[in-house]
Amino acid sequence: MKKFLAFACAAVLLAGCGSSEPKKETKTCSMEEAGMKMSIKMDAEDDVIKKMEMSYVFPGSMFNGDASKLKEDDLKTMGDAVLSQLGIKEGEGIAAVFKADGKDLKATINIDLTKADTDILKKQFKMEGNTKNIKLSETVKSGEADGATCK
């Protein structure tokens with residue numbers, strides 16, 4: 001009996017010492033539509049997305065101009081207009097950057113799903129369900145069904 005108890009204690013201790021590191025994975029889905037390039041990079045742990053980086057490249061022809069000639073104030077105004085059109089509002093866990101990329105305008109929107117308010121995400125991004133438990137595998141499958149290329 002003592003041998004069995006000692007074995008059981010050793011097994012519990014070894015199990016407790018085992019590494020249970022979360023499986024980290026990153027996928028990027030991209031597509032192009034009407035001259036606009038879009039991509040979303042998703043960082044996940046154990047198939048749950050923790051952070052997303054959404055990138056949009058709007059060709060200069062979309063706004064009759066050359067983004068490289070825009071002043072900082074103009075870029076901010078244009079960026080605010082793009083955010084408004086996309087239905088995105090910056091806040092806790094959501095940040096956006098707009099800059100000239102050659103003649104094009106590049107928008108990068110970072111979303112930390114661990115910090116962002118669930119209600120805001122549901123409203124602004126039309127996310128459904130628990131936004132703290134969005135599955136990477138399901139999101140990739142959905143993106144590919146919509147025509148995106150995911151790697």
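## The nonpolar core

In this predicted model, the largest nonpolar core brings together 30 residues. Which residues have the most contacts inside this core? They are Tyr-56, Ile-109 and Ile-111. Several elements give two or more residues to the core: strands E2 (36-45), E3 (48-58), E4 and E5 (104-112), together with helices H2 and H4 (136-145). The largest share, five residues, comes from E3.

Tyr-56 is buried, because its relative accessible area is 11% and the limit for buried is under 20%.

## A pair of rings

Now look for aromatic rings that pair up. The structure holds one aromatic pair. Its members are Tyr-56 and Phe-58, with ring centres 6.0 Å apart and planes at 15°, so the pair counts as stacked. Is Phe-58 buried or exposed? With a relative accessible area of 8%, Phe-58 is buried, and Tyr-56 is buried too.

## How the strands pair

Start with strand E1, residues 24-33. E1 runs antiparallel to E2, and ten bridges join the two.

Next, turn to E5. E3 and E5 pair in the antiparallel sense over eight bridges, and E4 and E5 also pair in the antiparallel sense over eight bridges. Tyr-56, already met in the core, has Ala-107 in E5 as its bridge partner. Ile-109, another of the core residues with the most contacts, lies in E5 opposite Ala-96.

## Turns with a positive phi

Most residues other than glycine have a negative phi, so exceptions are worth a look. Where is Ala-34 found? Ala-34 sits in the loop between E1 and E2, which form a hairpin with two residues between them. Ala-34 has a positive phi of about 50° although it is not a glycine. Ala-34 counts as exposed, because its relative accessibility is 75% and the limit for exposed is over 50%.

Asp-47 is another residue other than glycine with a positive phi, near 70°. Asp-47 lies in the loop between E2 and E3. At 24% relative accessibility, Asp-47 counts as partly exposed. In the hairpin of E4 and E5, with two residues between the strands, Gly-102 takes a positive phi near 70°.

## The second largest pocket

Finally, visit a pocket. The second largest pocket has a volume of about 160 Å³. Which elements each supply at least two residues of its lining? They are helix H2 (72-86) and strand E4 (94-101). The largest share of the lining, five residues, comes from H2.

The lining includes Glu-72, Leu-75, Lys-76, Gly-79 and Asp-80, along with Glu-90, Ala-96, Val-97 and Phe-98. By class, it has four nonpolar, one polar and four charged residues. Ala-96 links this pocket to the strand pairing above: it is one of the lining residues, and it stands opposite Ile-109 in E5.

Conventions: Residues numbered from 1 in each chain as written. Predicted model: local features only at pLDDT ≥ 70, side-chain atom pairs only at ≥ 80, totals over all residues. Heavy atoms only, no water. 1 Å grid on protein atoms, 1.4 Å probe; cavity = no way out; pocket = protein on both sides within 12 Å on 5 of 7 lines; lining within 4 Å. Points joined across faces, edges and corners; volume = space filled by probe spheres on them. Helix = DSSP H or I, 4+ residues; strand = E, 2+ residues; numbered from the N terminus. Nonpolar A, V, L, I, M, F, W, Y, C, P; charged D, E, K, R; others polar. Core = buried A, V, L, I, M, F, W, Y, C linked by side-chain atoms within 4.5 Å. Buried < 20%, exposed > 50% of the residue type's maximum accessible area, 1.4 Å probe, protein only. Phe/Tyr/Trp six-rings, centres within 6.5 Å; stacked < 30°, edge-to-face > 60°. Pairing = 2+ DSSP bridges.
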